[in-house]
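Hi,

Here is the structure I promised to pass on.

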Amino acid sequence: MAVITPPGTTDTEIAALRRRYAARHVLGRMGVYLAAVLAAFVCAAPFLWSLITTFKQNRDLYNPENNPFLYNRPATPDHLMYLFDRTAFGTFAWNTLWVGVLVVLITLLLGLPAAYALARLDRPWAGWFGVAIFLVYLVPPSLLFLSLSRLVVSLGLQDSSWSLVVIYPTITIPVSIWLLIGFLKAVPRDIEEQAMVDGHSRLGAFWLAVVPLAFPGIVAVIVFAFTLTASEYIYALSFVAPTTEKVISTGVPTELIRGDVFFWQSLQAATVVVAVPIAIVFNLFLDRFIAGFTQGAVKG
Amino acid sequence: MTDVAAPATPRTERAAARPRKRFADREGALAWVFLMPSVVYILALVAVPFVLAIGFALSDVTTGDPSFDWVGLRNFRLVFEDPVFWQSLWNTLVFTGISMVLIVVLGKVLANILVARFRGRWVVRFLVLLPWTTPVALSAVSWLWLLDSIYSPIDWVLRQLGLLGEPGAPLGAESNLYYLGQPGLAMASVIGVHVWRLTPLSAVIMMAGLVAIPRDLEEAAKVDGAGYWRRMFEVTIPMVLPVAAVAALFGAIFTFTDMAVVDVLTNGGPNNATQVLTSWAFFRGIDGGDVGQGAAIALFLFPILLAAAIAILRAVRRMEVR
């Protein structure tokens, strides 16, 4: 950082100026760190509390006099074990997983070609069509759940996780198309033209040249779509009632609470066990999402 | 159409190229084939159910008797006569309005923190993303325990500080505040959870927007001698405004249409003080089995959402123009 000094300043004044700038710099850095730590704490606080709770013994937990942030009795993994061994949590997790994987597959199968058509095939209506599809993303489940649950009944899929496989792509496809348009546009046109000069058809160029290059973006879309399906609540609550067919987002709040009996430690363990891996994977792709949203918005 | 030869190309070459122009090369047809599955899917499972929802609102369909009989506006009349509907509508608007403002302001602050370079950035970003990436119903369970009526650690801290649980303490002599049991506190809690879970999303959207803003503009203003406040109001804010609008509207839509937070935290209580349109529609339409009334309630979301969607569209347009 260059310090501009008016002519005639003495060395001591320059030194004082330098110190002031250095002090300001240090203060600025401290401010950044302080803000970062504060933000991280506020965002993570409920989960920290969940984490502490998970390993507490009942007699420690249910005593309002105890310091809730300390282990007044030795920590125990019993409630974590209980979650996996004695509750249907494993079933919920498995249902969430396979429903999510199938939904992601359907989303890519339908969304990738659609995004390519809108990003590259130079249709004059591609712009507003893309925006129209994006607006579908904003049509919320709360508006559709009643008619969709009638539809699910008429398909004979009520009380089955398959109903979610059929319905969830309505949420994931629009937003994935939007993101994919951005990622596909980032692939240089020359590469695809070169592939066509080499004798591939437009379709072949798309599959052999564009898709591999856009692959990192596609992975980001996979993560995003999976997170969306894992978080969905209203559809899962209205379509599926039996325990064995439930997914995590409805299973944990409805099945781990029996009447007025709350399995607090196991419940909190479930939130942490689900929250941490999703956030880690999401964090890996954060920069890519930001890139995707910007391309979609700015160059769309 | 970049792969079609220009008119200047000799005839022979064009004739040779023609047989190679198979179906897979015809862009117009290909575009439709590529788009059709998504379009058909969305029409079948979004557009049709939407029309169906309007139909249900004008019919007497119930879970027990799914036959469709036209009843005109009876459902709407019944819905209007119920004070809980007005309470829900009011709550929905209050929750959305207050959350939206907070989400945008805090989202901007958080975005500034997240773009800064410092050691341990990865961990901070991970912790900050938690509220947004965790399934809503699960983070609501986490909050349910944090705000527990007896074992809330917040109450414990307040008690230790002497602010609660003693005669004459500023927050009352009772040993707990009962966050989810008092109408005012319950509403504040629901708003708090919404702000907490959507601020990271708003921050990510803002980051996307901040990345797109040319940096040199602000530096140019600085060189031209514009002070901090002048730069703030004449450069930074106008540049950030469209992005902020997008973040605000996303936040608004997600708050507006969510029922997981209310359902898990308060179940609409105490005494419907935190009931929102979606949870009320769910209660009437699924739990109560009166699909017609449920649909009529849910439809009230639509005009407001439409306005929000148009506003988003205009904000995005303004981003594109720049």
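Among contacts in chain B between residues at least 6 apart in sequence, what percentage join residues at least 24 apart? The figure is 68%, where two residues count as in contact if their C-beta atoms, placed from the backbone, lie within 7 Å.

Before the rest, a word on ground rules. This is a predicted model, in which local features need pLDDT of at least 70 and side-chain atom pairs count only at pLDDT 80 or more, while totals for chains, interfaces and linings use all residues. Residues are numbered from 1 along each chain as its sequence is written, and chains are lettered from A and ligands numbered from 1 in the order in which they are written.

**Chain B overall**

Chain B has 14 helices and zero strands. Helices here are DSSP runs of H or I with at least four residues, strands are runs of E with at least two, and both are numbered from the N terminus. Of the 322 residues in chain B, 44% are buried. Buried means that 20 or more other C-beta atoms lie within 10 Å of the residue's own; exposed means 12 or fewer, and partly exposed is in between, with C-beta atoms placed from the backbone.

Eleven of its eleven residues are buried, so helix 6 of chain B is largely enclosed by the rest of the structure. Among them are Trp143(B) and Trp145(B), along with Ser139(B) and Ser142(B).

Another one to click on is Met100(B), which sits in helix 4 (residues 83–115) of chain B. Met100(B) is buried, having 24 other C-beta atoms within 10 Å. Leaving aside residues up to four places away in sequence, Met100(B) touches Ala248(B), Gly251(B), Ala252(B) and Thr255(B). Val243(B) is 143 residues from Met100(B) along the chain, and their C-alpha atoms are separated by 14 Å.

Most residues other than glycine have a negative phi. Asn267(B), though not a glycine, has a positive phi of about 55°, and Asn271(B) likewise has a positive phi, near 55°. Asn267(B) lies in the loop between helix 11 (260–265) and helix 12 (277–287) of chain B, and Asn271(B) is found in the loop between helix 11 and helix 12 of chain B too.

**Where the chains meet**

80 residues of chain B are in contact with 81 residues of chain A. On the chain B side, helix 2 (residues 27–57) gives the most, with 16 residues. That side of chain B divides into 64 nonpolar, ten polar and six charged residues. For the classes, Ala, Val, Leu, Ile, Met, Phe, Trp, Tyr, Cys and Pro count as nonpolar, Asp, Glu, Lys and Arg as charged, and the others, Gly among them, as polar.

**Chain A: domains and helix pairs**

Chain A is assigned domain 1 (11–54) and domain 2 (87–299), with bounds that come from an automatic or database domain assignment. Their centres, taken over C-alpha atoms, are separated by 37 Å. The contact takes five residues from domain 1 of chain A and seven from domain 2 of chain A.

Helix 1 (residues 11–54) and helix 14 (residues 264–284) of chain A have axes that come within 8 Å and cross at roughly 130°. Axes are lines fitted to C-alpha atoms, for helices over the stretch in contact, and angles run from 0 to 180 degrees between N-to-C directions. That makes helix 1 of chain A oblique to helix 14 of chain A; angles under 35 degrees count as roughly parallel, over 145 as roughly antiparallel, 65 to 115 as roughly perpendicular and the rest as oblique. The residues of this contact divide into six nonpolar, six polar and no charged.

For helix 8 (residues 169–185) and helix 11 (residues 215–231) of chain A, the axes come within 10 Å and cross at roughly 160°. Helix 8 of chain A is therefore roughly antiparallel to helix 11 of chain A. Residues making the contact include Leu179(A) and Phe183(A) from helix 8 of chain A, and Val221(A) and Phe224(A) from helix 11 of chain A. By class, this contact has nine nonpolar, four polar and no charged residues.

Cheers
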